[in-house]
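User: I would like to learn how to read helix packing and aromatic pairs in a model. Please take me through some cases.

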Amino acid sequence: MKKKTDAALIKLVNKKHRPALEELYERYIKLIYSVVLKFCNGNEEVAKEMVQLIFLKLWTMKSSYDPSKGKFVNWLLTIVRNVCIDYIRKEKKHPQDYGKYETDTTINLADPTDTIGENIKGIEIANAKNKLSASQRRVIDLLYWEGYSLTEIAKMENAPVGTIKSRLYQSLKQLRKHLELEGS
């Protein structure tokens, strides 16, 4: 893996080749973490969560990287920036109290093995989510990833709130079932 180019690695990641993702992780974790940490004003907890989202996005999306259009690192940093902006928009919509966590302004990189383990859990969740129907995935994405309320989702879907709640309940039940099957 170490001799492969970034473009070759991202093609392998598109084919769900986990060692390729781990190699990209090793190559770019310090850069990504430092950018994200600056983006979230030194909050390590938020930075770790954003890093997970970034690698989850790399794993779950079909890469559109084209080497003729620019360097891989620039493409990757665009993804990092977009994930950070999406996360901050979501946080503005549904603020959480991060003051309860201690923040340390020094940069201590997380243990890569812990982060990889967390990323793998995220990947397993993404795989289980892909087994849901499109409408079930959409409800989960809108509620948990994009921060919309049930009422807002109901308006978008032109459906009663009760229907959205029921769809969410069934989606989470199916997701749990798929995760239990993968875990066994």
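User: At what angle do the axes of helix α6 and helix α7 cross, and within what distance do they come?

Analyst: Two packed helices are described by the angle between their axes and the distance between the axes. In this predicted model, the axes of α6 (residues 134-145) and α7 (residues 150-157) cross at roughly 135° and come within 10 Å. That angle makes α6 oblique to α7. The crossing is right-handed.

User: Which residues make that contact?

Analyst: From α6 there are Arg138, Val139, Leu142 and Leu143; α7 supplies Leu150, Ile153, Met156 and Glu157. Sorted by class, the contact of α6 with α7 holds 6 nonpolar, no polar and 2 charged residues.

User: How do α2 and α3 pack, by angle and by distance?

Analyst: Helix α2 (residues 18-39) and helix α3 (residues 44-60) have axes 10 Å apart, at an angle of about 145°. Their crossing is right-handed. On the α2 side the contact includes Leu21, Leu24, Ile29 and Ile32, and on the α3 side Ala47, Met50, Val51 and Ile54 are among the partners. Of the residues in the contact of α2 with α3, 15 are nonpolar, none polar and 3 charged.

User: At what angle does α2 pack with α4?

Analyst: The angle between α2 and α4 is about 45°, and their axes lie 11 Å apart. This makes α2 oblique to α4. α2 passes α4 in a right-handed crossing. The α2 residues that meet α4 are Leu24, Tyr28, Leu31, Ile32, Val35, Val36 and Phe39; those they meet in α4 include Phe72, Val73, Leu76 and Arg81. The contact of α2 with α4 divides into 15 nonpolar, no polar and 1 charged residue.

User: How many aromatic pairs are found in the whole structure?

Analyst: A pair of aromatic rings is described by the distance of the centres and the angle of the planes. A search of the whole structure gives 5 aromatic pairs. In one of them, Tyr28 and Phe72 have ring centres 5.5 Å apart and planes at 50°, so the pair is tilted. Because Tyr28 lies in helix α2 and Phe72 in helix α4 (residues 72-93), the pair ties together parts that are 44 residues apart in sequence.

User: Where is confidence lowest, and where is it highest?

Analyst: The lowest confidence is in helix α5 (residues 112-130), with a mean of 70, and the highest is in α2, at 90. For the protein, the mean pLDDT is 81, with 83% of residues reaching 70 or more.

Technical notes
Residues numbered from 1 in each chain as written. Predicted model: local features only at pLDDT ≥ 70, side-chain atom pairs only at ≥ 80, totals over all residues. Heavy atoms only, no water. Axes fitted to C-alpha atoms, helices over the stretch in contact; angles between N-to-C directions. Helix = DSSP H or I, 4+ residues; strand = E, 2+ residues; numbered from the N terminus. Left-handed = near helix turned anticlockwise from the far one by under 90°. Contact = heavy atoms within 4.5 Å. Nonpolar A, V, L, I, M, F, W, Y, C, P; charged D, E, K, R; others polar. pLDDT = per-residue confidence, 0-100. Parallel < 35°, antiparallel > 145°, perpendicular 65-115°, else oblique. Phe/Tyr/Trp six-rings, centres within 6.5 Å; stacked < 30°, edge-to-face > 60°.
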